[in-house]
Amino acid sequence: MLQPLLEIKNICVEFKTRGGALKAVDDLSIDVQQGEILGLVGESGAGKSMMGAAILGLIDPPGRLSSGEIWFKGQRIDQNPEPFRGCEISMIFQDPLVSLNPLKKIGDQLVETILRHKRMSRAQAIDRACRGLIEVGIDPERLNAYPHTFSGGMRQRVVIALALASEPSLIIADEPTTALDVSVQAQILKLLKKLCDSRGTSIILITHDMGVISETTDRVGVLYAGRLAEIGITDHVLRSAKHPYTRGLVASTPKIAPDSFGRSLYQIPGSMPKLDAIPTGCAFHPRCTMRTVKCSQERPPMMKDTAACWLLEEME
C-alpha cells in the first residue's frame, strides 16, 4: 500500500484555562491519500476546523498541539509547519471577504502569493495568475479588479485560485460553500473536484452538510467532540453507517423522495457537549438511543478500522 500523503497520528489540541486544559481535538488519527478528497463532517464544535488549523500550525495561544504527530510526504511537520504552509499545503477559508485584502487588486494578491512560493520573474507570475483565473472560470481581464466588485461565488473562485497558485499537494477547504446559494455552491464543489482530478491534488473538505459530503468526497470522517466517531468510503458510510451519531446525521439530511413528503425531519436529541463538560466513556452516549452502561464508563476504540462504538463489539 502506498504511503499516505498526510498522516495524523493521535493528535490532541488543548486550550489552557484556569479550570484546567480543555481538549478541542482528542487523540485523533486520520490519513489522506494522494489525489483523494476526504470529507470531515460533524456539528459545530466537533473539532473539524481545529484539526485543519493544527495541520498548518495556525492555533493561537492559549491553544496548542499538546501531543501527537503530523507527517506530510514522509516528513514530520507538526514541530515546524511554516515551510509547508501556503506552498505544499494551502487553505480555503469559508468567508472569502476575510481571505482577500479589500485594498488590493486580486491580481496583486495572486502575484504576491506566487512570488512568495515560486522562483520566477514578476512577468512570469502575472502570466501564471492569469492562467489561474482562467482555470477557475474568471476572465483574466479582471486581474486589476478589487474584491468588492465580485459576487460571493466569484470571490470564492478567486480564493480557490489563490490556494492553487503555489501548486500545493494538499488543500484544506474549510466550509468553502457556506455563504453561497445552492446553485453557486454546486459550481464551486464541481470546480474543486475537477481541479483535484486534473492536478492530482488532495483535498480535506470540512463541512456540516451531508449532501456536500455525498456529492463530492471519496472518503468521509465523522467527528464528534474532537474525536473520530466513524470513517470509511463515503458511499459505504452513507448507506450503512455503523455509529449511531453518523446514522443520526444521515437521517437528518433532507431527501427528495415521494415517501418523504409530509414527514418531519429527524433531529438528533440534545446538543454537542461543551469542552469543559465532555461526558465520560463515549462522548455521544447521553444523546444515543442505543447506549448501554458500558458506553458511559469506557471510551470505545476504533473498531474494525470503521467506527468507535461498542455496538460493533457485540456484532463480532
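Helix α1 (residues 48-56) lies across β1, β2 and β4 (63-72) and runs at about 105 degrees to β1. Such angles, from 0 to 180 degrees, are taken between the N-to-C directions of lines fitted to C-alpha atoms, for helices over the stretch in contact. Contact means heavy atoms within 4.5 Å. Helices (H or I, at least four residues) and strands (E, at least two) are DSSP runs numbered from the N terminus.

The model is predicted; local features need pLDDT of at least 70, side-chain atom pairs count only at pLDDT 80 or more, and totals for chains, interfaces and linings use all residues. Residues are numbered from 1 along each chain as its sequence is written, and side-chain values use heavy atoms, without hydrogens and water.

The open sheet has four strands in the order β2-β1-β4-β5, with antiparallel pairing (pairing takes at least two DSSP bridges between two strands). β2 (20-32) and β5 (75-76) are the edge strands, each with a single partner, so one side of each lacks a neighbour in the sheet. Strand β1 (residues 6-17) is joined to β2 by nine bridges, and Thr 17 has Gly 20 in β2 as its bridge partner.

Helix α3 (residues 106-117) has twelve residues. Its buried residues (under 20% relative accessible area, 1.4 Å probe, protein chains only) include Ile 106, Leu 110 and Ile 114. The buried residues of α3 pack against the helices below.

| Helix packed against α3 | Residues |
|---|---|
| α2 | 96-99 |
| α4 | 122-135 |
| α5 | 152-164 |

The axes of α3 and α4 come within 9 Å and cross at roughly 115 degrees.

Note on methods
Expected span 1.5 Å × (residues − 1). Buried < 20%, exposed > 50% of the residue type's maximum accessible area, 1.4 Å probe, protein only.
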